[in-house]
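Here is a short briefing to read alongside the model. Please keep the structure open as you go.

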Amino acid sequence: INEVSSRGLPMISAVRGLGLMIGFQLDTDALEATAGFSGEDRAASLIVVDALAEEGLLTVPAGSDVVRWLPPLVVTEADIDKAFEIMNKVLNKLIT
């Protein structure tokens, strides 16, 4: 969890989890002020999950402000790096 937290993803206020099941808590106050979220009736987690899926990263919402990542047990370090690259790209795109 500490390594994940140190990656510095935009608009993530907390990271928590157990083993490979990781939840990224979205900073909803900050997100609501950005272009990608203004005027949306859906929960922030749903918006992010849909945007991540469009880029090829499958995640699941866990409530209105948490995006959960559930990688396979055979995930490689390269897969993890790619997942963070996609998350960073998507979150930066949504907040600009």
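**Salt bridges**

- Lys 82 has a relative accessible area of 42%, so Lys 82 is partly exposed (buried means under 20% relative accessible area, exposed over 50%, partly exposed in between, with a 1.4 Å probe and protein chains only).
- Lys 82 forms a salt bridge with Glu 85, with 3.3 Å between the closest N and O atoms (a salt bridge is a side-chain nitrogen of Lys or Arg within 4 Å of a carboxyl oxygen of Asp or Glu).
- Both residues lie in helix 4, three residues apart, about one turn of the helix (helices, H or I with at least four residues, and strands, E with at least two, are DSSP runs numbered from the N terminus).
- The structure holds three salt bridges.
- Lys 89 and Glu 55 meet through their side chains in a salt bridge at 3.0 Å, N to O. Lys 89 lies in helix 4 and Glu 55 in the loop between helix 3 and strand 3, so this pair ties together parts 34 residues apart in sequence.
- Asp 50 forms a salt bridge with Arg 42, where the closest N and O atoms are 2.4 Å apart.

**Model and confidence**

- This is a predicted model, in which local features need pLDDT of at least 70 and side-chain atom pairs count only at pLDDT 80 or more, while totals for chains, interfaces and linings use all residues. Residues are numbered from 1 along each chain as its sequence is written, and side-chain values use heavy atoms, leaving out hydrogens and water.
- The protein averages a pLDDT of 84, and 88% of the residues score at least 70 (pLDDT is the predictor's confidence in each residue, from 0 to 100).
- Confidence is lowest in helix 1 (residues 2-5), at a mean of 59, and highest in strand 3, at 96.

**Helix 3 and its cover**

- Helix 3 (residues 44-54) has several buried residues, among them Ser 45, Ile 47, Val 48 and Leu 52.
- Their cover includes strand 2 (21-26), helix 2 (28-32) and helix 4 (77-95).
- Is Ser 45 buried or exposed? Ser 45 counts as buried because its relative accessibility is 0%.
- Leaving aside residues up to four places away in sequence, Ser 45 touches residues including Leu 26, Pro 61 and Val 67 (contact means heavy atoms within 4.5 Å).
- Just after helix 3, Gly 56 takes a positive phi of about 100°.

**Strands 1 and 2**

- Strand 1 (residues 12-18) pairs with strand 2 in the antiparallel sense over six bridges (two strands pair if DSSP finds at least two bridges between them).
- Ile 12 stands opposite Leu 26 in strand 2.
- The hairpin of these strands has two residues between them, and Gly 19 takes a positive phi near 60° there.
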